[in-house]
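Here is a friendly tour of one protein fold, taken topic by topic. Please keep the structure open as you read.

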Amino acid sequence: MKLYYDVDSLDNLDPRVVDRWYRLLRGWLKLWFRPEVRGLERIPEGAGLFVGNHNGGFVTPDSFVFASAIWERSGMTHVPYGLGHEWVVKMPPLNQLLCPIGAVRASHQNAMRVFARGRKVLVYPGGDLESMCPWRHRDRIVFGGRDGYARLAIRAGVPIIPIVAAGAHETFLVIDDMRWLARGLRLDKLFRLKVLPLTLSLPWGLTLGVVPTYWPMPTKILMEIGKPISFERSGDAAADDATYVRACADRVEIAMQATLTRLARERKQRHRRS
């Protein structure tokens, strides 16, 4: 393991490290989260953009469940590069942990370089807004009007492959995201953070602020990979058409919300029967 990884390098991704993480975590993931991942057969060959709903703060259990399912089915073939917040992927020890499994600094330039290699990229457009959204909104897609992911897919001419997880946000309790306080403290300007969440987690208890890690509560995670979404127009001119980009983003988010609503309902029905 290197002392520090270049967050813009695509050569950090190490199949041996990915395999090591998979073998280390697969038993625990299956025991703790009892995951069901559907639709893996829908993943197309070649370049593509995985777009997911973001859950569980920095712990992101859905990310590990997804990566484990991908690795188990096809090895490195579809394991994506993950676009991460610059502050996160640069911060030790996360830099040393995340970069060898494919994390790179979030930028359209890095994504385009990945596509040029015929590989896939994973993005969570909701970012901190979604991963730290209040408990009462856990079954909502919360992208906050962000549509850069759609612009990226349109410019590159690659399909969007939706990934929707239900249950992963129940690993801790976000009482409120405290957006008003984050704005007052100018965290968006200083750290590109729009929330300062009030959370309840193990072992930290009641905490104000982003908790880098915590012990996740056991929960059932249902995940579904949706049908790839391709757009009628692509290229620079289409990507610069703000109205078209917004319409494409709406199409993706509506489809993802329908899936999340269905998966959340299924989880609740199972819980009532158990």
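Two strands count as paired if DSSP finds at least two bridges between them. By that rule, strand E2 (residues 48–52) and strand E5 (residues 120–123) pair in the parallel sense, over four bridges. Do bear in mind that this is a predicted model.

**The open sheet**
- E2 and E5 belong to an open sheet of seven strands, ordered E1-E10-E6-E2-E5-E3-E4, with mixed pairing.
- Strand E1 (36–38) and strand E4 (103–105) stand at the edges, each with a single partner strand, so one side of each has no neighbour in the sheet.
- From one strand to the next, the twist averages 25 degrees.

- Helix H2 (residues 61–74) lies across E1, E2, E6 and E10, and runs at about 55 degrees to E10.
- H11 also lies across E1, E2, E6 and E10, running at about 25 degrees to E6.

**Where H7 meets H11**
- The axes of helix H7 (residues 148–156) and helix H11 (residues 242–273) come within 8 Å and cross at roughly 110 degrees.
- Angles of 65 to 115 degrees count as roughly perpendicular, so H7 is roughly perpendicular to H11.
- H7 contributes Tyr149, Ala150, Arg151 and Ile154 to the contact, while H11 brings Tyr244, Val245, Cys248, Ala249, Val252 and Glu253.
- Eight of these contact residues are nonpolar, two are charged and none is polar.

**A hairpin**
- Strand E8 (residues 198–201) and strand E9 (residues 205–208) pair in the antiparallel sense over four bridges.
- Three residues lie between E8 and E9 in this hairpin, and threonine 199 stands opposite threonine 207 in E9.

Conventions
Residues are numbered from 1 along each chain as its sequence is written. This is a predicted model: local features need pLDDT of at least 70, side-chain atom pairs count only at pLDDT 80 or more; totals for chains, interfaces and linings use all residues. Side-chain values use heavy atoms; hydrogens and water are left out. Axes are lines fitted to C-alpha atoms, for helices over the stretch in contact, and angles run from 0 to 180 degrees between N-to-C directions. Helices (H or I, at least four residues) and strands (E, at least two) are DSSP runs, numbered from the N terminus. Angles under 35 degrees count as roughly parallel, over 145 as roughly antiparallel, 65 to 115 as roughly perpendicular and the rest as oblique. Contact means heavy atoms within 4.5 Å. Ala, Val, Leu, Ile, Met, Phe, Trp, Tyr, Cys and Pro count as nonpolar, Asp, Glu, Lys and Arg as charged, and the others, Gly among them, as polar.
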